[in-house]
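Could you walk me through this structure, from the inside out? I'd like the cut-offs spelled out as we go.

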Amino acid sequence: YAYVANVLRDSLAVIDISNPSDPVFVSEERGPQAGVSLDFASSVFVSGNYAYVTTELRNSLAVIDISNPSDPVFVSEERGPIPGTSLSGADSVFVSGNYAYVASQSRASLAIIDISNPFDPIFVAEERGPSGGTTLNGAHSVFVSGNYAYVASQTRDSLAVIDVSNPQDPVFVAEEQGPVPNTSLDNAKSVFVSGNYAYLASANRASLAVID
């Protein structure tokens, strides 16, 4: 199965890809309030029997039970201690262990949510960098590898590195803006980490940057 976050449909779609030449749409979940529960669903990460979906306009992390792909079920959401603000512009999610890491574009932050109980996710911490609201400005994508979270920030035009060895107390440790700040990684949209390298897609630069 492939799980697709649908921005305009405000839903999570499930597609059977057992035959890649003939994918088949099998189901979708829009939550208890269609058009609201998954408002502007922007990203999805599947771990075990659950799909974790960020909603950019609902400003939340939604949890959906996908143990039966033909009948996914919305089970919970987390909007943080200040709904509408704590996860403002929630754009991307990465799950590692018992935690979900959410890059929130409008909040300019990396939020960490305890998902050990998928029916009751709990917002535990956030990191906004040394200049809150600026350092992670436009946080758009997150990838967690080992003890570090890597965040691509499209307005800051950067890759930020955050120590998440203690998820209750994340620490901003570094950033890279390239040889020409605000140009080399212009509109950094997405990041993927493999081994010792981060691969960063920059929309306005029309490039793939490789960072050690």
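This is a predicted model: local features need pLDDT of at least 70, side-chain atom pairs count only at pLDDT 80 or more; totals for chains, interfaces and linings use all residues.

Residues are numbered from 1 along each chain as its sequence is written, and side-chain values use heavy atoms, with hydrogens and water left out.

Start with the largest nonpolar core, which has 29 residues. A core here is a set of buried Ala, Val, Leu, Ile, Met, Phe, Trp, Tyr and Cys residues joined through side-chain atoms within 4.5 Å. Buried means under 20% relative accessible area, exposed over 50%, and partly exposed in between (1.4 Å probe, protein chains only). Val142, Val191 and Leu200 have the most contacts inside this core. Among the elements giving it two or more residues are β9 (99-104), β10 (109-114), β12 (139-145) and β17 (197-202); strands are DSSP runs of E, at least two residues, numbered from the N terminus. Apart from this core lies another, of 14 residues, including Tyr52, Val63, Leu87 and Ile115.

Now zoom in on Leu200. Skipping neighbours within four places in sequence, Leu200 is in contact (heavy atoms within 4.5 Å) with Ser158, Leu185, Val191 and Ile211, among others. Ser158 sits in β14 and counts as buried because its relative accessibility is 0%. Beyond four places in sequence, the contacts of Ser158 include Thr135, Glu175, Gln177 and Leu200.

Next, β10. Six of its six residues are buried, so β10 is largely enclosed by the rest of the structure. In a regular strand the side chains alternate between the two faces of the sheet. Here Ser109, Ala111 and Ile113 point one way, and Leu110, Ile112 and Asp114 the other. Strands pair if DSSP finds at least two bridges between them. β10 runs antiparallel to β9, with six bridges joining them, and the two form a hairpin with four residues between them. In that turn, Ala108 has a positive phi of about 55°. β10 also pairs with β11 (residues 122-127), antiparallel over five bridges. Ile113 stands opposite Ala100 of β9 and opposite Phe123 in β11.

Finally, the outside. Phe192, Tyr197, Tyr199, Leu208 and Val210 form a nonpolar surface patch with about 510 Å² of accessible area together. Areas come from the Shrake-Rupley method with a 1.4 Å probe; for residues, only the protein chains shown count as cover. Tyr197 lies in β17 and, at 39% relative accessibility, counts as partly exposed.

How values were computed. Patches are made of residues with over 30% relative accessible area and no salt bridge: like charges are joined within 9 Å, nonpolar side chains (Val, Leu, Ile, Met, Phe, Trp, Tyr) within 5 Å. A salt bridge is a side-chain nitrogen of Lys or Arg within 4 Å of a carboxyl oxygen of Asp or Glu.
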